[in-house]
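Here's a quick tour of a protein model, written for someone just getting started. Have a look at the sequence and the structure, then read on.

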Amino acid sequence: MRLAKDAARSVGLLSDAAKRDALQAVAAAIEAAADDIIAANDDDLAHGRESGLGAAMQDRLPMDAPRVAALAAAVRDIAALPDPVGRVLDERTLPSGVRLQKVSVPFGVVGAIYEARPNVTVDITALALRSGNAVVLRGGSAALRTNAVLVEVIRAALAEAGVDPQAVQTVDGFGRDGARELMHARGLVDVLVPRGSAELIETVVTESSVPVIETGAGVVHIVLDASAPLDWAREIVVNAKVQRPSVCNAVETVLVHRDAASRLVGPVVAALQDAGVTVHGDADVARLADGIVPATEADWAIEHLSLDLSMHVVDDLDAALAHIRQYSTHHTESIITTDDANAERFLAEVDSAVVMANASTRFTDGGEFGFGAEVGISTQKLHARGPMGLAELTSTKWLARGAGQVRA
């Protein structure tokens, strides 16, 4: 981590062109090493199956040829984004004549702790380098071999491009001790971003002495309002649950307005079940659809990360908003409605990082937002909230230019 701190000084001074060129070299190196990356990933997958790795993690772990190609494409997308460093955010001249500018600057060293996501190794590294930061990674045991190859490939590409390879470090070889040291590396690591299970995030937030940007679990809601069109309700809910059930922006709870329940519950449940989803519903849902697993109180607070979904009939929009206030993790919520007043009320009153009307929650994603990739999705309110891209990996400093002034 000391090497990363030292490297951060030179990386922070790289020109826009130098950072672009370095990332282009990284993308080409990833493509060239595709066979090695896939072979290492096959070993990780085999080990995961033998060790009983959970279904959600097994969904995130695989690296086949298309996914490796997507990694390289994401790096090129990030390289093409505007440089976030050196932006003038504010400027003014004091009565004394001293000229002030507030400019964006790199954090320095960004740490990341995550689980079974080789793509995060590449995404966070590329975002960190593009924003002038060094990075220290803890990718977890499930993707140990894949991440080792990826880091080796990235470091070699940086060295070839004339960038200090020490700007990319991993503590995976030290296991949990490495993660613990990373969490306590205050003064060496400037900010730490955890991505993974609620348990992992809570551990990092609780134990870390390094400032943490919290990326929360996704107990994500979709409200089917009284006026929700059936086709929108059915397609959006199925997309939000089924496309990638193991990710944090997948819907976990659907709240149905009582006035629309008889019209919507049966068809929406049938579409979900046709896609392999198990619906955990209250008594009203069970009365309106077959094959419902009785919901318990715990179901409203759970992030399933699987083909399971909780469904609850609520009396009105007020009840839906109250339910969300009680159980939401403040990640993403959406309402399906043709009532503009209800849509605007929902957008205004729901206190989550991303609030939507008439769209799938799967759009909460750095790539979809045009960031190239994301460091994570912040559910906190300080510094960053929602999908975090390049701008969220910068801080600020004030520059003052004078001509001999002294304060009276």
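Let's start with helix α13, which spans residues 317-327 and has Leu317, Ala320, Leu321, His323, Ile324 and Tyr327 buried. Those residues cover an arc of only 160 degrees around the axis, so they sit on the same side of α13. Keep in mind that this is a predicted model.

**More on helix α13**

**Where two helices cross**
- Helix α2 (residues 16-32) packs with helix α7 (residues 144-160) at an angle of about 135 degrees, and their axes are 8 Å apart.
- As for handedness, the crossing of α2 and α7 is right-handed.
- On the α2 side, Ala22, Ala25, Val26, Ala29 and Ile30 do the meeting, while α7 brings Val153, Ile154, Ala157 and Leu158.
- Sorted by class, that contact of α2 with α7 has nine nonpolar residues, with no polar and no charged ones.

**Zooming in on valine 354**
- You'll find valine 354 in strand β13, residues 354-357.
- Buried means under 20% relative accessible area, and valine 354 has 9%, so it is buried.
- Leaving aside neighbours within four places in sequence, valine 354 is in contact with His331, Thr332, Glu333, Thr364, Phe369 and Pro387.
- Histidine 257 is 97 residues from valine 354 in sequence, and 21 Å from it in space, C-alpha to C-alpha.

Terms used:
Residues are numbered from 1 along each chain as its sequence is written. This is a predicted model: local features need pLDDT of at least 70, side-chain atom pairs count only at pLDDT 80 or more; totals for chains, interfaces and linings use all residues. Side-chain values use heavy atoms; hydrogens and water are left out. Axes are lines fitted to C-alpha atoms, for helices over the stretch in contact, and angles run from 0 to 180 degrees between N-to-C directions. Helices (H or I, at least four residues) and strands (E, at least two) are DSSP runs, numbered from the N terminus. A crossing is left-handed if the near helix is turned anticlockwise from the far one by less than a right angle, and right-handed if clockwise. Contact means heavy atoms within 4.5 Å. Ala, Val, Leu, Ile, Met, Phe, Trp, Tyr, Cys and Pro count as nonpolar, Asp, Glu, Lys and Arg as charged, and the others, Gly among them, as polar. Buried means under 20% relative accessible area, exposed over 50%, partly exposed in between (1.4 Å probe, protein chains only). The arc is that of the directions from the helix axis to the C-beta atoms.
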